[in-house]
Each structure stands twice: as C-alpha cells, then as structure tokens.
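Let's take a friendly walk through this model, beginning with a pocket and moving on to a pair of helices. The structure comes next.

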Amino acid sequence: MRICNTVEDMRAACRAARRGGKRLGFVPTMGALHEGHLSLVQAARASCDAVAASIFVNPAQFGPNEDLAKYPRSFDRDRELLESEGVALLFAPSVEEMYPAGAASWVTVEGLSSKLDGRSRPGHFRGVTTVVAKLFHIVEPDVAFFGQKDAAQVAIVRRMVRDLNLPMEIVACPIVREADGLAMSSRNAYLDSQQRRQAILLHRSLTRVKKSWEAGERDAAKLLATGREEFAGEKSVRLDYLEIVDPDSLDPVESVAGGALVAVAAFVGPTRLIDNILLPGSPG
C-alpha cells in the first residue's frame with residue numbers, strides 16, 4: 001500500500017491507478033476504523049480494480065464546542081487494517097495540506113445542510129461537503145463508498161455530486177452493528193460500560209418503529225410517538241431528534257407508504273450518537 005501525504009502525490013498515484021480504464025473506488029474516513037469502515041473497503045474491492053482510502057480528521061466539520069481535540073486517532077492501526085484489506089493507496093494529509101493558509105472557499109448544499117444533523121450542528125455539513133469535494137477532485141474516483149449510518153451525509157453528498165456534475169457514483173453501504181444492535185461508530189469508544197448499555201436505546205427506538213410499521217402502521221406521527229416512548233423511560237439519554245423523512249430531500253413525511261428514512265440522534269452522557277433505518281415503500 002502506498003501512502004501519500006500531499007495532494008500532488010495522491011493525484012498522480014490515483015491517475016496511475018486509473019490508467020488503462022481501470023475502475024478506482026474511494027473510501028474517505030476520519031480514521032479510528034472499525035468493521036463498518038472495513039465493510040466499505042470490501043464493497044469497493046468487490047466492484048473496482050483498485051481501492052483508495054483517506055484518513056483525515058477534518059476540523060472544518062467540528063463545531064467550536066465539539067470533540068475535535070479528543071476524536072480518536074490511531075493511524076498505525078488504521079494503516080495496518082487498510083493494508084490487510086487490500087487498499088492500494090492511502091491519502092493521509094496534514095490540515096495545512098488540505099487547507100492552505102488563506103483558504104476562503106466553501107462548498108455548501110443549501111437547504112439539505114440545515115436538516116437533521118445539520119440543524120443540531122450548524123456548519124457541520126458545510127465542512128463535510130467542502131472536504132469531500134476537495135477529496136473527490138484529488139482522487140477522481142469512479143465510485144465513492146459511504147456508510148448508511150450517516151444517512152443525511154449520504155443524501156447531501158449525492159446532491160452535491162449531481163449539482164456539480166461530478167463524474168462518479170455514490171454507493172451507500174448497510175450499517176454494521178454490534179451483536180446487540182448498536183451501530184458501529186468511532187465515537188462508541190467514548191462510552192463507559194454503563195453508557196454502552198444505555199446506547200442501545202437508539203436501536204431499540206428504531207426497532208419499535210419498524211415493528212409498528214410491520215404491523216401495518218403508516219402514519220408518521222404515530223410511528224414517531226412509538227419510537228419516542230423508549231426515550232421517555234430513560235432519563236440519562238437525551239434525545240436530540242427522532243424524525244421520519246424522505247431519504248433524498250430529508251423533508252418530513254406524513255405517511256411512510258412511499259418509503260422513508262427513520263433517523264435518530266441522542267446524547268448518551270456527553271457523547272452524541274446517530275442511527276437510522278430505511279422503511280421500503282409499499283408494493284404497488
């Protein structure tokens with residue numbers, strides 16, 4: 001596996017990897033890798049001739065009181081994991097390399113960026129779309145792979161790619177979960193043993209919504225009330241949002257008959273976690 005630290009080196013390496021019409025897959029990460037990240041690499045390997053990945057803790061997507069300083073960093077372990085999964089190219093730039101002195105340009109997807117996590121974390125998605133656009137211009141992948149756990153991010157990146165006519169496909173891969181259903185996340189490392197037990201509440205809430213949907217309920221307000229009942233009995237977990245939205249526009253829906261995204265965010269102690277499920281549309 002070749003490690004590139006500069007934009008120039010990574011761009012040249014990616015162009016060489018695509019030579020002869022080879023299909024290049026790309027997995028952008030912030031490191032602290034887990035099985036969810038590795039599932040993206042595996043999906044990329046299954047459909048591409050070569051796989052590139054990046055590790056960059058992007059300061060532009062963290063708010064002033066968020067966890068940038070303590071975000072888990074484990075570069076040597078991450079490098080070994082990516083190499084063992086067959087990644088050919090790893091981009092690991094410095095902050096100064098990605099944001100040169102005097103940088104003043106942003107990429108913003110208006111509207112979508114203020115919904116779900118964007119409402120709770122103002123400016124977050126502006127930081128995400130700016131760094132992802134930069135990475136796409138550097139790597140020029142044929143396909144980029146993202147986790148469905150970050151469903152709002154997937155919708156926003158897809159819209160950005162469409163609006164900017166970027167010549168690539170965005171693939172969302174299924175959420176990878178722990179044995180008890182907790183969605184894998186780098187931030188799970190923040191949880192102590194008691195918080196870890198409490199964190200399963202997010203998945204329990206989504207499961208209740210899904211069971212109600214499977215029983216025939218299609219009214220979004222009633223489904224949300226069912227999901228919120230889980231949080232009512234656990235005062236140590238603070239619900240940020242539980243919403244049922246269109247998975248592309250992120251707008252709330254009144255009925256889930258046409259399919260919908262059920263998304264939840266909550267604070268377990270000081271740690272903010274997210275999760276979601278997709279409800280398919282009714283046949284016919």
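## The lining of the largest pocket

In this predicted model, the lining of the largest pocket divides into 21 nonpolar, 18 polar and 10 charged residues. The pocket itself has a volume of about 1,000 Å³. Of the 49 residues that line the largest pocket, M30, Q61, Y71, D150 and R187 are the closest to its centre.

Which elements supply the lining? At least two residues each come from the strands β2 (24–29), β5 (143–147) and β9 (271–279), and from the helices α2 (35–47), α5 (117–120), α6 and α7. The largest share belongs to α6, with 6 residues.

## How α6 meets α7

Two of these contributors to the lining, α6 and α7, also pack against each other. Packed helices in general are described by the angle between their axes and the distance between the axes. Here, helix α6 (residues 124–139) and helix α7 (residues 151–163) pack at an angle of about 50°, and their axes lie 10 Å apart. That angle is why α6 counts as oblique to α7. As for handedness, the crossing of α6 and α7 is right-handed.

## The residues in the contact

On the α6 side, the contact is made by F125, V128, T129, V132, A133 and F136. Facing them from α7 are A152, Q153, I156, V157, M160 and V161.

The lining of the largest pocket, by contrast, includes 10 charged residues.

Notes:
Residues numbered from 1 in each chain as written. Predicted model: local features only at pLDDT ≥ 70, side-chain atom pairs only at ≥ 80, totals over all residues. Heavy atoms only, no water. Axes fitted to C-alpha atoms, helices over the stretch in contact; angles between N-to-C directions. Helix = DSSP H or I, 4+ residues; strand = E, 2+ residues; numbered from the N terminus. Parallel < 35°, antiparallel > 145°, perpendicular 65-115°, else oblique. Left-handed = near helix turned anticlockwise from the far one by under 90°. Contact = heavy atoms within 4.5 Å. 1 Å grid on protein atoms, 1.4 Å probe; cavity = no way out; pocket = protein on both sides within 12 Å on 5 of 7 lines; lining within 4 Å. Points joined across faces, edges and corners; volume = space filled by probe spheres on them. Nonpolar A, V, L, I, M, F, W, Y, C, P; charged D, E, K, R; others polar.
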